Amino acid sequence: MNLPPNPYRSALRALFSPKDYFEDLRQGRVGLRISIAIMATAVILASLFYAYKPDGFPADSISAQTGSQGVVFWFIIGAIGAGLGVISAYLSVLILRFVDRNDISAVAVMGVMFSAHVYYIVLFIILIPACVWKLADFYKTAEMAASLAGLIFTVAGIRAVARVTIGKAMLATFLSSVVVAALVFGTYLLELLPADILKALFFV
């Protein structure tokens with residue numbers, strides 16, 4: 001009997017069988033609600049983790065530079081990040097439609113980008129012992145590894161669901177990220193965005 005997809009099984013599938021997960025996204029067998037649930041779980045975990053982790057640890061991390069912030073602050077950061085993710089997804093689709101002339105599903109691309117947060121779910125779980133035992137090097141290495149894994153997942157996923165070359169998937173990911181970063185920095189220069197939120201957004 002085929003069980004209906006749920007966020008927990010889908011998250012495991014995204015982690016351990018991404019190729020099959022991408023095909024499920026492309027075929028519509030995994031809906032956007034699943035990827036939103038994965039991202040929402042990561043946002044909630046991030047909000048709790050950064051609010052309660054030791055202040056100033058690791059000393060040279062961007063999260064330490066934002067100062068002591070509560071759960072609400074980090075939840076707002078996660079919500080803004082989700083909104084920027086939607087913008088990035090649509091920009092990626094526009095770029096791919098321009099360079100490839102294919103009818104690419106914005107929902108599938110958005111599903112890939114939101115599902116990439118599965119690596120941050122894993123990250124926050126393994127960072128708990130790093131904070132308990134003050135393993136600064138392990139903390140920073142884990143952050144970099146999760147970010148790299150999320151990037152690879154995103155590029156590979158866009159390539160799979162959009163049926164484009166890896167070069168075009170990388171181009172769309174890079175250009176959309178640049179535009180979103182410029183948008184965020186532009187709002188800061190216009191004094192519409194506080195410095196602590198700017199730091200946190202570029203961090204997450």
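Lys134 sits in the loop between H7 and H8. In this predicted model, Lys134 has a positive phi of about 55 degrees, even though it is not a glycine. Most residues other than glycine have a negative phi. Arg163 does likewise, with a positive phi of about 55 degrees and again no glycine to account for it. Arg163 belongs to the loop between H8 and H9. With a relative accessible area of 53%, Arg163 lands over the 50% cut-off and therefore counts as exposed.

Moving on to H9, which covers residues 166-189, one of its residues is Ser176. Ser176 has a relative accessibility of 0%, so it counts as buried. Its side chain makes a polar contact of 3.2 Å with the side chain of Ser88. Setting aside neighbours within four places in sequence, the residues in contact with Ser176 are Ser88, Leu91, Ser92 and Ile95.

Next comes the packing of H3 against H5. H3 takes in residues 32-52 and H5 residues 71-100; the two helices pack at an angle of about 145 degrees, and their axes are 8 Å apart. The crossing of H3 past H5 is right-handed. On the H3 side, the contact is made by Met39, Val43, Ile44, Ala46, Ser47, Leu48, Tyr50, Ala51 and Tyr52, while H5 brings Val71, Trp74, Phe75, Gly78 and Ala82. Sorted by type, the residues of this contact come out as twelve nonpolar and two polar, with no charged ones.

As for the nonpolar cores, the largest one has 36 residues, and Tyr21, Val109 and Phe153 are those with the most contacts inside it. Tyr21 itself, leaving out neighbours within four places in sequence, is in contact with Ser10, Arg13, Ala14, Val30, Ile34, Ser35, Ile38, Ser115 and Phe153.

Note on methods
Residues numbered from 1 in each chain as written. Predicted model: local features only at pLDDT ≥ 70, side-chain atom pairs only at ≥ 80, totals over all residues. Heavy atoms only, no water. Helix = DSSP H or I, 4+ residues; strand = E, 2+ residues; numbered from the N terminus. Buried < 20%, exposed > 50% of the residue type's maximum accessible area, 1.4 Å probe, protein only. Polar contact = N/O pair within 3.5 Å; in protein donor to acceptor, adjacent residues only side chain to side chain. Contact = heavy atoms within 4.5 Å. Axes fitted to C-alpha atoms, helices over the stretch in contact; angles between N-to-C directions. Left-handed = near helix turned anticlockwise from the far one by under 90°. Nonpolar A, V, L, I, M, F, W, Y, C, P; charged D, E, K, R; others polar. Core = buried A, V, L, I, M, F, W, Y, C linked by side-chain atoms within 4.5 Å.
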